Amino acid sequence: MDNLNTHWSLDVCRVVAELCRVPFVEAELRTGPQRRAFLTDTTHQHVFHFTPTHGSWLNQVELWFSVLGRRFLKRGDFNSMAEFEERLLAFLDDYNKRHAHPYSWTYTGTPLVRGTPFSQTRRQQRKGRAWFSPRPMCFERELYPSRSYKRQAKKTG
């Protein structure tokens, strides 16, 4: 799971301690690192594995809940719990038959523009692939001459 603080709260530690039948000592779990160490302890029956910081896109469960929210819950209008359950099961059946597939990772690990050498971004600018300058391009300067932003004093007389 990702590093959201609710995933390593004191309540979560309490539940894991009950499930693993290990002693729960609240005084030993005051800080976040202590709780995370408790939850990732490999001697427990249930072990948490956290994604790297800023790596929530690695969490497959979050990807699935994103699909569920966009395709089912967003436009859902349910009159009862029974209808919700019936339509959810139908959605899951349809999704598993027609849409489920392994996710293919497209991130190559190459740095984004910030880490790109300046010469490369200049090359991209010349080829029209990137535009970072506030200065207008040549055709814009010809078609739309610049205006003075200083307000001219009205001449009276």
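Tutor: What follows describes the packing of helix 3 and helix 4, with the rest of the chain as background.

The model is predicted, so confidence comes before geometry: where pLDDT is low, the predicted coordinates should not be read in detail. The protein averages a pLDDT of 78, and 64% of the residues score at least 70. Confidence is highest in helix 4 (residues 81-98), at a mean of 94, and lowest in helix 5 (residues 118-126), at 56.

The secondary structure comes to 6 helices and 0 strands, and from the N terminus on the elements run α-α-α-α-α-α. Of the 157 residues, 18% are buried. Among contacts between residues at least 6 apart in sequence, 47% join residues at least 24 apart.

Now the pair itself. Helix 3 (residues 60-73) packs against helix 4 at an angle of about 120°, and their axes lie 12 Å apart. The crossing of helix 3 with helix 4 is right-handed. On the helix 3 side, the contact is made by Trp64, Val67, Leu68, Arg71, Phe72 and Leu73; helix 4 contributes Phe84, Arg87, Leu88, Phe91, Leu92 and Tyr95. Sorted by class, this contact has 10 nonpolar and 2 charged residues, and no polar ones.

Helix 1 (residues 10-20) and helix 2 (residues 32-39) pack at an angle of about 25°, with axes 10 Å apart. That angle is under 35 degrees, so helix 1 and helix 2 are roughly parallel. Their crossing is left-handed. Here Leu10, Val12, Cys13, Val16 and Ala17 in helix 1 meet Arg35, Phe38 and Leu39 in helix 2. By class, the contact of helix 1 with helix 2 has 7 nonpolar residues, 1 charged residue and no polar residues.

The loop between helix 1 and helix 2 contains Arg21. Phi of Arg21 is near 55°, a positive value in a residue other than glycine. Arg21 has 74% relative accessibility and therefore counts as exposed.

How values were computed:
Residues numbered from 1 in each chain as written. Predicted model: local features only at pLDDT ≥ 70, side-chain atom pairs only at ≥ 80, totals over all residues. Heavy atoms only, no water. Axes fitted to C-alpha atoms, helices over the stretch in contact; angles between N-to-C directions. Helix = DSSP H or I, 4+ residues; strand = E, 2+ residues; numbered from the N terminus. Parallel < 35°, antiparallel > 145°, perpendicular 65-115°, else oblique. Left-handed = near helix turned anticlockwise from the far one by under 90°. Contact = heavy atoms within 4.5 Å. Nonpolar A, V, L, I, M, F, W, Y, C, P; charged D, E, K, R; others polar. Buried < 20%, exposed > 50% of the residue type's maximum accessible area, 1.4 Å probe, protein only. pLDDT = per-residue confidence, 0-100.
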